[in-house]
Amino acid sequence: MRMGCTPRNKSFSFFSLAGDVNRDRIVDSQDYTIVVNDLNTSGGWAAGDLNADGVVNAADLQIVQTNLGQMLRPCRVPQMRRLIHCQRATL
Ligand SMILES: [Ca+2]
Ligand SMILES: [Ca+2]
């Protein structure tokens, strides 16, 4: 008896950059402005609640300030064909 499901390739893209409120991979003045505009409100990450304590406050602003200028470059995933070629070359 065979159980389970048919394996399929899946691709996920995710990243985490502390202080990047608008998730554009850069911590800059736009993120700072979002937090300042939402100070003392409740909301999620998009509102600037970066430490997930339920309120946008000075702690969240500190996270942005600490990480100002940080950025993430898009990562490149090798194409499967190239990966297979590399594996054969090493056998
Ligand atoms: Ca940003
Ligand atoms: Ca917070």
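Here is a short chat about a predicted model and the surroundings of one glycine in it.

Trainee: What makes Gly-48 count as buried?

Mentor: Gly-48 has 27 C-beta neighbours inside 10 Å. The cut-off for buried is 20 or more, so Gly-48 counts as buried.

Trainee: And where is Gly-48 placed?

Mentor: Look in the loop between α1 (29-37) and α2 (58-67). The protein has three helices and zero strands, and its elements run α-α-α from the N terminus on.

Trainee: Which residues is Gly-48 in contact with, leaving aside its neighbours within four places in sequence?

Mentor: They are Val-21, Ile-34, Val-35, Asp-38, Gly-43, Val-56 and Asp-60. Take Asp-60: it sits 12 residues from Gly-48 along the chain, and their C-alpha atoms are separated by 6.7 Å.

Trainee: What does Val-35 touch, not counting residues up to four places away in sequence?

Mentor: Val-35 touches Val-21, Val-56 and Val-64, along with Gly-48, Asp-60 and Leu-61.

Trainee: How much of the protein is buried?

Mentor: Buried residues make up 13% of the 91 residues. As for contacts with a separation of 6 or more, 43% of them are between residues 24 or more positions apart.

Methods:
Residues numbered from 1 in each chain as written. Chains lettered and ligands numbered in written order. Predicted model: local features only at pLDDT ≥ 70, side-chain atom pairs only at ≥ 80, totals over all residues. Helix = DSSP H or I, 4+ residues; strand = E, 2+ residues; numbered from the N terminus. Buried ≥ 20, exposed ≤ 12 C-beta atoms within 10 Å, placed from the backbone. Contact = placed C-beta atoms within 7 Å.
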